[in-house]
Amino acid sequence: MATLNYQTRAINAINPSAQFRTGKNIETIEWLHGTTPISLSDINTKADELKAAEDAAVAQKATDKASAKAKLIAGEALTEAEADTIVI
């Protein structure tokens with residue numbers, strides 16, 4: 001199951017104008033000011049999508065960084081994505 005952080009981000013991704021509050025977990029969610037409730041299933045599905053996208057971006061950055069290093073050592077040109085990983 002996704003963490004509360006991802007679940008909160010998921011709610012905002014599904015409904016950017018949602019107003020709500022939670023306790024220590026998503027099961028205690030309280031929808032405020034007439035916000036239409038979002039099912040826990042939909043929240044968790046979107047949270048999993050957000051986590052997967054973030055994980056993929058982190059993995060791609062690591063791949064680009066490794067590729068950039070290898071190309072620099074070999075004297076080859078870098079792609080923009082590779083260059084972005086080494087620009088400070």
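Is Lys46 buried, exposed or partly exposed? Select Lys46: at 27% relative accessibility it counts as partly exposed, where buried means under 20% relative accessible area, exposed over 50% and partly exposed in between, with a 1.4 Å probe and protein chains only.

This is a predicted model, in which local features need pLDDT of at least 70, side-chain atom pairs count only at pLDDT 80 or more, and totals for chains, interfaces and linings use all residues. Residues are numbered from 1 along each chain as its sequence is written, and side-chain values use heavy atoms, with hydrogens and water left out.

**Stop 1: helix α2**

Helices (H or I, at least four residues) and strands (E, at least two) are DSSP runs, numbered from the N terminus. Glu49 is partly exposed, at 43% relative accessibility.

Colour its buried residues: Ile43, Asn44, Ala47, Asp64, Ala68 and Lys71. These pack against α1, β2 and α3.

**Stop 2: the link from α2 to α1**

Select Glu54 and Arg9. The two form a salt bridge, with 3.3 Å between the closest N and O atoms. Glu54 belongs to helix α2 (residues 40-74) and Arg9 to helix α1 (residues 4-14), so the pair ties together parts that are 45 residues apart in sequence. Glu54 is partly exposed at 32% relative accessible area, and Arg9 is partly exposed at 33%.

Thr3 is partly exposed, with a relative accessible area of 45%.

**Stop 3: the buried face of α1**

Which residues of α1 are buried? Select Tyr6, Gln7, Ala10 and Ile11. Turn the view to look down the axis of α1: the buried residues fall within an arc of 145°, so they line one face of the helix. That arc is taken from the directions from the helix axis to the C-beta atoms. The cover over these residues includes β1 (20-21), β2 (30-31) and α2.

Leaving aside neighbours within four places in sequence, Ala47 is in contact (heavy atoms within 4.5 Å) with Ala2, Tyr6, Gln7 and Ala10.

**Stop 4: the nonpolar core and the aromatic pair**

In soluble globular proteins, nonpolar side chains tend to be buried together. The largest nonpolar core here has eleven residues: Ala2, Tyr6, Ala10, Ile11, Ala18, Phe20, Ile26, Trp31, Ile38, Ile43 and Ala47. Such a core is a set of buried Ala, Val, Leu, Ile, Met, Phe, Trp, Tyr and Cys residues joined through side-chain atoms within 4.5 Å. Both α1 and α2 supply at least two of its residues, and α1 gives the most, with three.

How many aromatic pairs does a search of the whole structure find? The search finds one. Select Phe20 and Trp31: this pair is tilted, with 5.8 Å centre to centre and 55° between the planes. Rings of Phe, Tyr and Trp (its six-membered ring) pair if their centres lie within 6.5 Å; planes under 30 degrees apart count as stacked, over 60 as edge-to-face and the rest as tilted. Phe20 is in strand β1 and Trp31 in strand β2, eleven residues apart. At 19% relative accessibility, Phe20 counts as buried.

**Stop 5: the link from α2 to α3**

Select Glu82 and Lys71. Their side chains meet in a salt bridge at 3.2 Å, N to O. The pair links distant parts of the chain, with Glu82 in helix α3 (residues 80-86) and Lys71 in helix α2, eleven residues apart. Glu82 is buried, at 5% relative accessible area. Beyond its neighbours within four places in sequence, Glu82 is in contact with Asp64, Ser67, Ala68, Lys71 and Ala77.

Notes
Salt bridge = Lys/Arg side-chain N within 4 Å of Asp/Glu carboxyl O.
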